[in-house]
Amino acid sequence: MSKNLSNSSEEKRRKLRRIEIKTRKLSNQIFSGSYHSAFKGKGISFSEVREYQYGDDVRTIDWNVTARNSKPFVKVFEEERELTMMLLIDVSQSSFFGTQNEFKNHIIAEISGILAFSAITNNDKVGVIFFSDSVEKFIPPKKGKTHILRIISEIYDFHPTNTGTNIVEALKYMNNVVKKKCITFLVSDFIPSKVTQRTAIDFKNSLNIIGKKHDLIGLHIYDEREVNLPDIGLIKVTDSETKQDFWIDTSDKQIRERYSKNFHENKKLTKELFGKSGAQFESIKTEDNYVIALMNMFKRREMRR
C-alpha cells in the first residue's frame, strides 16, 4: 500500500516536473516576447508623493504638495509595465474530462503555466483564484520563480471541495479582492451547473464590471465529445457536476444534431457577452495545438492595441 502511494507520489512529481520544463521552455522560447508585445504598458504612471530625500531629482518635486506642507515632496512614478496577472481557473468536476489524449484540466494547467512563466519573465506579478461553484482558493499576486512553481503545482494537483460551476461567484470575488487593474485570464469550459434567466443576467453583469475594470480574456477549453456525439446507440451518461444519470439514444440523428447545436449556440452567446463587455474570448479544443492558438491570440491582441 505504502509502496503504491510512494509510486503515485513519484509519478505525480515527475509529471509536474515535465509540465514545469515544458511550459517554461515554451514561455522562454516563444511566448515571453509575444506576451510583452501584447500587454506592454504605455510608459510610466504617477504612483504617490513622498518627502524629498537627498539625491532626488528636483524636477520631480510636486510644488502644490510642497506648498501645502511647507517642506519639499516629490512625485513617485512606477512603470506601467509592472503589471499583475490574475488567473481565474475553473476546477469544477467537468474540467476533469477528456476523450482526446488529455483531460481539460491538464491542458488548463499547461496553458496557465505558460502564461504564468511569461508574466514573471516580464517581471509581472501572478495570482490565482481557483473556483468551482464557490471560490476554492485564492493565491495573492506575487513575483518570483518559487511562487510560479507553487502555482503550477496547485493547478495540476488541485482537489476542489465542490463539483459545480459558478463563474459569477469567481468574478465577484475577483472584483472584491483585486483593486488595481490587471490582466485577467478566465480559463474554463464555460459549462454552468445551472442556467436560468437570473444566472444569465448575473453572468452578463459580472462580465461587464470586470471587463471595464480589468483587461479580461476568456479562454474556453473544450473536448470534442462536448461538440459531437458518436453514433453508438443507447448510452448511459452521468453529469459529473450534479451526479445525475441520463440515457441518450445516440443513433437518433436529431438528438446528435441538437446536442451539437446547443454547444455552438452556447459558445456563440458566451463570445458575444465577452465582446460586449470589451473583453477577448478564445476557444481551444483539447486536441488542438494550443501553442499556435495562444500565438494567434497574442497577435490579435497586439493588433487591437
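This is a predicted model: local features need pLDDT of at least 70, side-chain atom pairs count only at pLDDT 80 or more; totals for chains, interfaces and linings use all residues.
Let's start inside the protein. In soluble globular proteins, nonpolar side chains tend to be buried together. Here the largest nonpolar core has 41 residues, and F39, I111, F185 and Y290 have the most contacts inside it. Two or more residues each come from the helices α1 (2–39), α3 (104–121), α4 (145–156) and α8 (290–304), and from the strands β3 (84–90), β4 (125–131), β6 (183–188) and β7 (215–222). Helix α3 gives the largest share of this core, with 9 residues. A second, separate core holds 21 residues, including L171, V178, F203 and F274.

Apart from neighbours within four places in sequence, Y290 is in contact with K22, L26, I107, E110, I111, I114 and I284.

**Pocket and cavity**

Rolling a probe the size of a water molecule over the atoms shows where empty space is left. The structure holds 1 cavity of 30 Å³ or more.

| Space | Volume | Lining by class |
|---|---|---|
| Largest pocket | about 1700 Å³ | 22 nonpolar, 13 polar and 12 charged residues |
| Largest cavity | about 60 Å³ | 8 nonpolar, 2 polar and 1 charged residues |

If you are looking for the pocket on screen, 47 residues line it, and F190, I191, P192, D239 and N266 lie nearest its centre. At least two lining residues each are supplied by α5 (167–177), α6 (197–213), β8 (234–238), β9 (245–249) and α7 (253–276). Of these, α7 gives the most to the pocket lining, with 9 residues.

The largest cavity is lined by I89, D90, V91, S95, F96, N105, I108, A109, I155, Y156 and F158. The elements β3, α3 and α4 each give two or more residues to this lining, and α3 has the largest share, 3 residues.

**A closer look at T66**

T66 sits in helix α2 (residues 63–69). Is T66 buried or exposed? Its relative accessibility is 12%, and because buried means under 20%, T66 counts as buried. A polar atom of the T66 side chain lies 3.0 Å from the backbone nitrogen of F73. Not counting residues up to four places away in sequence, T66 touches I61, K71, P72 and F73.

Methods
Residues are numbered from 1 along each chain as its sequence is written. Side-chain values use heavy atoms; hydrogens and water are left out. Helices (H or I, at least four residues) and strands (E, at least two) are DSSP runs, numbered from the N terminus. Buried means under 20% relative accessible area, exposed over 50%, partly exposed in between (1.4 Å probe, protein chains only). A polar contact is a pair of N or O atoms within 3.5 Å; within protein, one must be able to donate a hydrogen and the other to accept it, and residues adjacent in sequence count only if both atoms are side-chain atoms. Contact means heavy atoms within 4.5 Å. On a 1 Å grid over the protein atoms alone, a cavity is a set of points where a 1.4 Å probe fits but cannot get out, and a pocket is an open set with protein on both sides within 12 Å along at least five of seven lines; lining residues have an atom within 4 Å of a point. Grid points are joined across faces, edges and corners, and a volume is the space filled by probe spheres set on the points. Ala, Val, Leu, Ile, Met, Phe, Trp, Tyr, Cys and Pro count as nonpolar, Asp, Glu, Lys and Arg as charged, and the others, Gly among them, as polar. A nonpolar core is a set of buried Ala, Val, Leu, Ile, Met, Phe, Trp, Tyr and Cys residues joined through side-chain atoms within 4.5 Å.
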